[in-house]
Amino acid sequence: MELFRSEEMQLMQLMIPAEAAHDTVEALGRLGKLQFKDLNENESAFKKTYASQIKRCDEMGRQVRFISEQVAKAGLPVGNRLGDRHLEFDLLENRLSRLEKELMELNANSDRLQRSYNELLELQLVLETAGTFFEDSRSQADAMGSEREADYTRESGDPSDIGAPLLETVAPLSEQPKAVQLGFVAGTIPVDKLAPFERLLYRATRGNMYLKYVPVGAVNDPVTGEKQEKAVYVVFFAGERAKAKIIKICDAFSANRYPFPEELSKQHQMSSEVTVKLRELHTTIDAGKRLLENALRTAASELDTWSDMVHRETGIYHTLNKLSVDVTRKVLMGEAWVPACERHVVQNILHEASLKANSTIGTVFQPLVTYEMPPTHYETSKFMSGFQGIVDAYGIARYREANPAVMTIVTFPFLFAVMFGDIGHGVLMLLFALWLVLSEKKLANQKLGDIVGMMFGGRYIILLMALFSIYVGMLYNEFFAMATTIFGPSKYVCAENENIWNPVEMQFNESLCPSAFEDGLAMKQRGSPYPLGFDPAWRGTRTELPYSNSLKMKMSIVMGVTQMNVGIIHSLFNQRYFGDSLSTICEFIPQMIFLNASFGYLCFLIILKWVTGSTADLYHTLIYMYLSPGDVDCSGQCPENKMFPGQGFLQVMLLLAMFVTVPWMLIPKPFILKKRHEERQQSRSVSYGILPSEDRSRVGNDEEAALFVSGASDSIEEQDTSSQEEEFNFGEVFVHQMIHTIEFVLGAVSNTASYLRLWALSLAHSQLSAVFYEKVLMGALQTGSAVGIVIGFAVFAAATLAVLMVMESLSAFLHALRLHWVEFQNKFYHGDGYPFSPFTFEKSEDE
């Protein structure tokens, strides 16, 4: 497994006998090491050789999805791939068709019976509820009739009285009420539609109707099958026109109408018939459900196997459609990329597939010569995959170019830690990373969300970030913004009394060492600094921030220039590997000179100042280097800026070197490329098929070089070669080189300044942590109240987790990502390749 460069790839040609094509492609799919090229890319999908088989596979996939939905709807567990894996394609197709038809019939019958059952349930509710309407109405009418008879008897007197007038015993015809035949409509309606239903009935009949309704609770709707709050209604009306209007309104409001007899005996008879039918339907529905459950249970035990088979067959036929068929239709020809180290393994698999298919002719597997860029493939482990993903998110590496992921393993978590350095915060992150790593097997089998899944994929990145944060926190000597004495007490003591060394005691009691607040502390033994990191005596002093800022700012510049130099050196590795000596002379050398003559010299001065203890002002030194070359000490006004003899002469020479490198990067390369192109054009007519030595070195070994030379006489290769040569455009090449030169010169300044974000983010993290510690936690402790301390600690913990552990860590992560993508990788990384996507059944299962 090679990490610094992608796996070496070869383009291979396959000549597969037609009778063994299916078994051969299936064996290659199980191996998963070949990326097939589509030789029929310009053809319509309907005109390809295996279009009908793909259509059948799509139909089978639809059937499997339908069965899966039915199994999930029934809540049945899916079997663990225990079905018959050797089931033939045609048998599986017939079996899925029969099962789908059976399930559709069972579902249709079940829906039809359930709808009838729900309709009968609503009819039963109507009979029970509307029957009470009519019984109440009859009892009220009988009571009113009896009252009217009694009133009439009292008013007319005794009819047997001889003196009573004869005509008064009969009421006038005009006073007798006329008999009117009323009609009615009964049914059910959703409760939420009652108000508009009643309003529209009133307006449509001009008030000539009477609506009576009673809510009956949640009822299964016959149409949708869902639970709905409904009410039983009865609408009384007079006339056929009113009846037609009411029926239309009922249909518009989805109000179900049911027949309801007026006679009481017929109501009881219909209620008895409905009860019997409901009992019969319930028995029938239960039997249908048991039959459906048995069919689904049988299908669920083999559903995964069927899904795998359909995916496998679909992938096989899609791959077969990428192959071209010869005129006799007996041989399929294909081209595929394969890792060079897997070539012999593929050869053995092809031989076994030919024997399995009983083919008299084996598959021909031979290399091809091509100018096409191969795909990029890295064999990564679970530790390396996260760092490779960071690089691939910027762009897939060009074939065989230097892989930035190797350096990213160390530089990414380290630059993150420079911005996030704190022992306490690093420990919290380490605990989270250890939980992800130790729960690896458990979490890998679970469906995680987007955020948790992303963190789980980068668990080893988080682990290294936590370890580096603890290390840098030791350098900063910060533990939740508190100074530590892990490596012993401070090396600074009171200038008046060496026995007084505790800076905390001196801060709280100024009388112990008054000189500490005027002249400062003194080092106990000069030249013996603190063993590791910042001395704890700096914490809480007035000079803490200027000191730490100066150190972190200079450290950021040194680390940035170092990483950019490493990036330029990576470009040298690429140029040497691909035999591009012209780029080495015209790009690598002037780039190294320009960067180090400017900012490399600044890093040298920074380190020299640290080592010698010089008080030189590096700002003035760098500014006067450009504004006044050769003048180091400001014409004698700042002699401390002169750090070593000959400094002025060296700065003049570096400045001249910088001015020379700009035209060096811009001018020579385009003209040399133009001359090479003209020489190739002249020599092509003499020896067209001979490959230039520079290109021949890229082919690899002698065998491939011979194939390359012999294949160059092919007409297709001639067209490719001529097209490549004729595409040379001097204007485009010169403009591209000019853009590249300007980008590097300006980028040298902007990229160096960009690394100052390491200082800025580190300062922000340290100050936020100090604010939470001093203002929240210490403020709560100073109250002396137990409740206040608990609340203060809770607020401190919440702020630490939410702001520092989440927001600040994400900010540092993104800034470290930018430094790698823009400042580091743009020095050498093209990122215009494409990934190696082999044909494999595992990928189909994931999809």
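This is a predicted model: local features need pLDDT of at least 70, side-chain atom pairs count only at pLDDT 80 or more; totals for chains, interfaces and linings use all residues.
Trainee: Let's start with E26. Why is E26 called buried?

Mentor: Its relative accessible area is 11%. Buried means under 20%, so E26 gets that label.

Trainee: And what makes R30 exposed?

Mentor: R30 has 55% relative accessibility, and the cut-off for exposed is over 50%. So R30 counts as exposed.

Trainee: How do you know that E26 and R30 form a salt bridge?

Mentor: Check the closest N and O atoms of E26 and R30: they are 3.0 Å apart. The rule asks for a side-chain nitrogen of Lys or Arg within 4 Å of a carboxyl oxygen of Asp or Glu, so the pair qualifies.

Trainee: How are E26 and R30 placed in helix α1?

Mentor: They are four residues apart in α1, residues 21–31, and that separates them by about one helical turn. In general, an α-helix has 3.6 residues a turn, so residues three or four places apart point the same way.

Trainee: What makes R312 and E26 a salt bridge?

Mentor: Same test: the closest N and O atoms of R312 and E26 are 3.4 Å apart, and the limit is 4 Å. R312 sits in helix α7 and E26 in helix α1, so this contact ties together parts that are 286 residues apart in sequence.

Trainee: Is R312 buried or exposed?

Mentor: R312 is buried: its relative accessibility is 10%, against a cut-off of under 20%.

Trainee: Which residues are linked in a network of salt bridges?

Mentor: E26, R30 and R312 are. E26 pairs with R30 and also with R312. For the whole model, the count comes to 21 salt bridges.

Trainee: What about R56 and E93?

Mentor: Their side chains meet in a salt bridge too, at 2.6 Å from N to O. R56 lies in helix α2 (residues 51–74) and E93 in helix α3 (residues 89–156), so this pair, 37 residues apart, links distant parts of the chain.

Trainee: Why is R56 called partly exposed?

Mentor: Its relative accessible area is 26%.

Trainee: Which residues form the nonpolar patch on the surface?

Mentor: V427, L428, L431, L434, L438 and L801, with about 540 Å² of accessible area together. Helix α11, residues 423–438, supplies the largest share, five residues. L438 lies in that helix, and at 73% relative accessibility L438 counts as exposed.

Trainee: One more: what makes β4 and β6 edge strands?

Mentor: The open sheet has four strands in the order β4-β5-β3-β6, paired antiparallel. Both β4 (209–220) and β6 (256–258) pair on one side only. The twist averages 25° from one strand to the next.

Trainee: How do you know that β4 pairs with β5?

Mentor: Pairing needs at least two bridges, and 11 join β4 to β5, residues 227–237. One example is K212, whose bridge partner in β5 is V234.

Terms used. Residues are numbered from 1 along each chain as its sequence is written. Side-chain values use heavy atoms; hydrogens and water are left out. Patches are made of residues with over 30% relative accessible area and no salt bridge: like charges are joined within 9 Å, nonpolar side chains (Val, Leu, Ile, Met, Phe, Trp, Tyr) within 5 Å. Accessible areas come from the Shrake-Rupley method with a 1.4 Å probe; for residues, only the protein chains shown count as cover. Helices (H or I, at least four residues) and strands (E, at least two) are DSSP runs, numbered from the N terminus. Buried means under 20% relative accessible area, exposed over 50%, partly exposed in between (1.4 Å probe, protein chains only). Axes are lines fitted to C-alpha atoms, for helices over the stretch in contact, and angles run from 0 to 180 degrees between N-to-C directions.
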